[in-house]
Amino acid sequence: GGKAVLELGYEEDAGTACLYASFDSLDNRVIKVGGAGKNCVLPAGVWTHVAAVWSPGFGDQASSLRIYLNGVMEFALTTNAVMPPVDSQRPTRVYLAGNGLAGQAMTSGFLDETRVWNAALNMNSVLLNRDSILRASGNNMLLAYFRYDDGGEDIEDFCYPYAPDAA
């Protein structure tokens with residue numbers, strides 16, 4: 001196993017889903033905000049926009065791991081932990097609705113879309129983008145953009161759409 005670059009998930013606590021965000025630091029600590037027992041319950045049956053943001057050491061929210069619900073920062077943790085650099089020689093695994101471990105995947109509910117950015121978004125940026133379908137081409141801050149609204153069974157990255165079949 002590799003290290004988690006940034007994980008957004010939930011833990012069950014007395015039958016409710018408690019949201020968390022975490023990553024594995026360079027010194028092998030798990031840095032985590034939210035989770036079971038932290039009053040971060042996702043309401044059942046209600047559409048909720050969720051964003052997890054890691055800001056490395058710059059700006060007014062330096063070295064903080066944050067969770068936004070419906071565009072508002074709800075949970076934050078400031079830490080001196082360092083996130084390991086992504087190694088371009090090894091592929092980065094992306095897990096949607098789970099963390100790749102058996103029995104630790106989303107079993108109910110729906111995902112509308114997933115976005116991966118190459119910058120730490122502030123609250124204004126989260127609010128500005130949360131209700132919009134983005135134009136991925138030409139947006140150099142957007143690394144991956146998965147929309148689940150085409151009714152298909154395959155997941156397509158709209159930053160790098162599949163080339164049409166050559167006939």
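Partly exposed residues here are those whose relative accessible area falls between the cut-offs for buried, under 20%, and exposed, over 50%, with a 1.4 Å probe and protein chains only. The model is predicted, so that local features need pLDDT of at least 70 and side-chain atom pairs count only at pLDDT 80 or more, whereas totals for chains, interfaces and linings use all residues. Residues are numbered from 1 along each chain as its sequence is written, and side-chain values use heavy atoms, with hydrogens and water left out.

**View A. The aromatic pair of F23 and W54.** The structure holds 1 aromatic pair, a term for rings of Phe, Tyr and Trp (its six-membered ring) whose centres lie within 6.5 Å, with planes under 30 degrees apart counted as stacked, over 60 as edge-to-face and the rest as tilted. The rings of F23 and W54 are tilted, with 55° between their planes and 4.7 Å from centre to centre. Because F23 belongs to strand β2 (residues 16-24) and W54 to strand β4 (residues 50-55), the pair ties together parts that are 31 residues apart in sequence; strands (E, at least two residues) and helices (H or I, at least four) are DSSP runs numbered from the N terminus. Both F23 and W54 are buried.

**View B. K32 with E11 and with the ring of Y20.** K32 and E11 form a salt bridge in which the closest N and O atoms are 2.5 Å apart, a salt bridge being a side-chain nitrogen of Lys or Arg within 4 Å of a carboxyl oxygen of Asp or Glu. Since K32 is part of strand β3 (residues 30-34) and E11 is part of strand β1 (residues 7-13), this contact ties together parts that are 21 residues apart in sequence. K32 is partly exposed at 34% relative accessibility, and E11 is also partly exposed, at 23%. K32 also lies over the face of Y20, 5.2 Å from the ring centre; a charge sits over a ring if NZ of Lys or CZ of Arg is within 6 Å of the ring centre and within 35 degrees of the ring normal.

**View C. Salt bridges of R115 with E113 and of R130 with D131.** The closest N and O atoms of R115 and E113 are 2.4 Å apart; R115 is buried, with a relative accessible area of 19%, while E113, at 23%, is partly exposed. In the pair of R130 and D131 the distance from N to O is 3.6 Å, and here R130 is partly exposed at 21%, whereas D131 is exposed at 56%.

**View D. The hairpin of strands β1 and β2.** Strands β1 and β2 pair in the antiparallel sense over 7 bridges, where pairing requires that DSSP finds at least two bridges between the strands. Along this pairing, E7 stands opposite S22 in β2. The hairpin has 2 residues between the strands, and A14 takes a positive phi near 55°. D24, also placed in strand β2, counts as buried at 18% relative accessibility; its C-alpha is 6.7 Å from that of V5, although D24 and V5 are 19 residues apart in sequence.
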